[in-house]
Amino acid sequence: MDTLLFVLKSIVLGIVEGVTEFLPISSTGHLIIFEKLMKFESVSPNYVEMYTYVIQLGAILAVVLLYWKKIRETIVNFFPQKVGYEKSGFKFWFMIFIACIPGAAVKLLLDKPVEKYLMSTVPVAIVLILGGFWMIYAEKKFRNNNLGKQKLSVTPKQALIIGAFQCLAIIPGMSRSASTIIGGWVAGLSTVIAAEFSFFLAIPVMFGYSLLEIIKIGGLTSLPAAELISLAVGFVVAFLVSVAVISQFISYLKRKPLKSFAIYRMIFAVIVLIAGFMGFF
């Protein structure tokens with residue numbers, strides 16, 4: 001019975017990850033809140049932390065699947081000698097690399113203070129609210145500040161701007177998706193192009209970070225069967241839900257603003273604060 005309940009909690013958290021990872025509402029923030037609300041705990045040290053990184057890999061696999069045609073094209077046409085620099089996979093992935101640099105530097109500097117002071121429900125709820133106001137302001141000011149491009153083509157300057165904004169995502173509750181989309185607006189990209197760039201940017205960022213953290217924690221070899229089953233279930237659920245969410249999110253962005261996500265963030269955060277005050281956390 002305990003194992004079944006443990007796996008059911010894993011399914012719920014996998015759904016939470018799949019729904020929230022690529023929406024501008026903070027997957028990390030939601031996972032922190034739901035893990036505490038459901039008392040998702042285990043006997044193995046650092047298991048919950050490891051679980052979070054493993055299901056993030058499931059979400060990333062969804063991006064690889066949905067955008068495999070584009071990824072394959074960048075691999076086949078990687079060298080500029082074949083198709084020219086602008087159309088080459090080298091240029092595409094070099095822009096991704098540039099966008100990764102600011103976030104990597106900030107992560108190295110601030111990772112421990114963030115883990116110590118911000119990985120709890122109250123700070124997450126406050127950041128969800130502040131981030132919601134920031135999204136509303138940024139959308140009003142920058143959303144139409146684009147160059148009319150309909151192709152995923154980013155310059156080094158744009159990549160650096162997006163990378164700088166991605167640094168905000170180190171704060172639980174801020175949202176990597178929201179940060180990179182706003183960075184895309186500021187850089188002059190349309191909403192859809194900014195969102196798609198954030199998807200590709202997530203591949204090296206999340207895959208590399210999750211893998212390193214899993215190794216640092218100690219890997220999967222010493223985990224009991226129930227925890228391994230929980231990891232597998234969470235991974236698969238996060239993958240399947242992410243596949244459904246990503247395509248719907250892009251369709252949504254073509255028609256509607258992000259303001260509704262900002263409003264959701266603030267309402268959800270207020271509910272979390274009230275629940276905390278009433279002793280649910």
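This briefing covers aromatic pairs, pockets, helices, annotated spans and a few individual residues of one structure. The model is predicted. It holds 21 aromatic pairs, and its largest pocket has a volume of about 1,300 Å³. The UniProt annotation "transmembrane region", from an unreviewed entry, covers seven listed spans, from residues 50–68 to residues 262–280.

**Aromatic pairs**

- Among the 21 aromatic pairs, F40 and Y47 have ring centres 6.2 Å apart and planes at 50°, so this pair is tilted.
- F40 and Y47 are both buried.
- The rings of Y67 and F200 form an edge-to-face pair, because their planes stand at 70°, with the centres 5.2 Å apart.
- Y67 sits in the loop between α3 (47–66) and α4 (68–76), while F200 belongs to helix α10 (residues 191–217), so the pair ties together parts that are 133 residues apart in sequence.
- Y67 has a relative accessible area of 13% and is buried; F200, at 1% relative accessibility, also counts as buried.
- Ring pairs join F22, Y67, F92, W93, F199 and F200 in a cluster.
- Within that cluster, which includes W93, the place of W93 is in helix α6.
- W93 is partly exposed, at a relative accessible area of 23%.

**Largest pocket**

- The volume of the largest pocket is about 1,300 Å³.
- Its lining is made up of 48 residues, and T28, Y53, Q56, K107 and Y209 are the ones that lie nearest the centre.
- Two or more lining residues come from each of α2 (27–37), α3, α6 (89–117), α9 (176–187) and α10.
- The element that gives the most to this lining is α6, with nine residues.
- By class, the lining of the largest pocket has 23 nonpolar, 14 polar and eleven charged residues.

**Second largest pocket**

- The second largest pocket has a volume of about 430 Å³.
- It is lined by 21 residues, of which K70, E86, K151, L152 and S153 are the closest to its centre.
- At least two residues of this lining are supplied by each of α4, α6 and α10.
- α10 provides the largest share of the lining of the second largest pocket, with five residues.
- The lining of the second largest pocket divides into eight nonpolar, six polar and seven charged residues.

**Helix α3 and annotated spans**

- Helix α3 has 20 residues and reaches 29 Å from its first C-alpha to its last, close to the 28 Å expected at 1.5 Å a residue.
- Of the 20 residues of α3, 14 are buried, so this helix is largely enclosed by the rest of the structure.
- The UniProt record (unreviewed entry) places "transmembrane region" at residues 50–68, 89–110, 116–137, 158–175, 181–207, 228–250 and 262–280.
- In the model, residues 228–250 are 100% helix and 0% strand, with the end C-alpha atoms 33 Å apart.
- Residues 262–280 are 84% helix and 0% strand, and the end C-alpha atoms of this span lie 24 Å apart.

**Separations along the chain and in space**

- W93 and K112 are 19 residues apart in sequence, and their C-alpha atoms are 29 Å apart in space.
- L220 and Y47 are 173 residues apart along the chain, yet their C-alpha atoms are separated by 9.4 Å.
- L220 is located in the loop between α10 and α11 (225–253) and counts as partly exposed, at 37% relative accessibility.

**Residues with positive phi**

- Most residues other than glycine have a negative phi.
- S26, which is not a glycine, has a positive phi of about 75°.
- The loop between α1 (2–20) and α2 contains S26, and this serine is buried, with a relative accessible area of 3%.
- S175 is likewise not a glycine and has a positive phi of about 95°.
- The loop between α8 (156–166) and α9 contains S175, and this serine is buried, with a relative accessible area of 5%.

Methods
Residues are numbered from 1 along each chain as its sequence is written. This is a predicted model: local features need pLDDT of at least 70, side-chain atom pairs count only at pLDDT 80 or more; totals for chains, interfaces and linings use all residues. Side-chain values use heavy atoms; hydrogens and water are left out. Rings of Phe, Tyr and Trp (its six-membered ring) pair if their centres lie within 6.5 Å; planes under 30 degrees apart count as stacked, over 60 as edge-to-face and the rest as tilted. Buried means under 20% relative accessible area, exposed over 50%, partly exposed in between (1.4 Å probe, protein chains only). Helices (H or I, at least four residues) and strands (E, at least two) are DSSP runs, numbered from the N terminus. On a 1 Å grid over the protein atoms alone, a cavity is a set of points where a 1.4 Å probe fits but cannot get out, and a pocket is an open set with protein on both sides within 12 Å along at least five of seven lines; lining residues have an atom within 4 Å of a point. Grid points are joined across faces, edges and corners, and a volume is the space filled by probe spheres set on the points. Ala, Val, Leu, Ile, Met, Phe, Trp, Tyr, Cys and Pro count as nonpolar, Asp, Glu, Lys and Arg as charged, and the others, Gly among them, as polar. The expected span of a helix is 1.5 Å times one less than its number of residues. UniProt positions are given in the numbering used here, feature names are shortened, and annotations may be inferred rather than shown by experiment.
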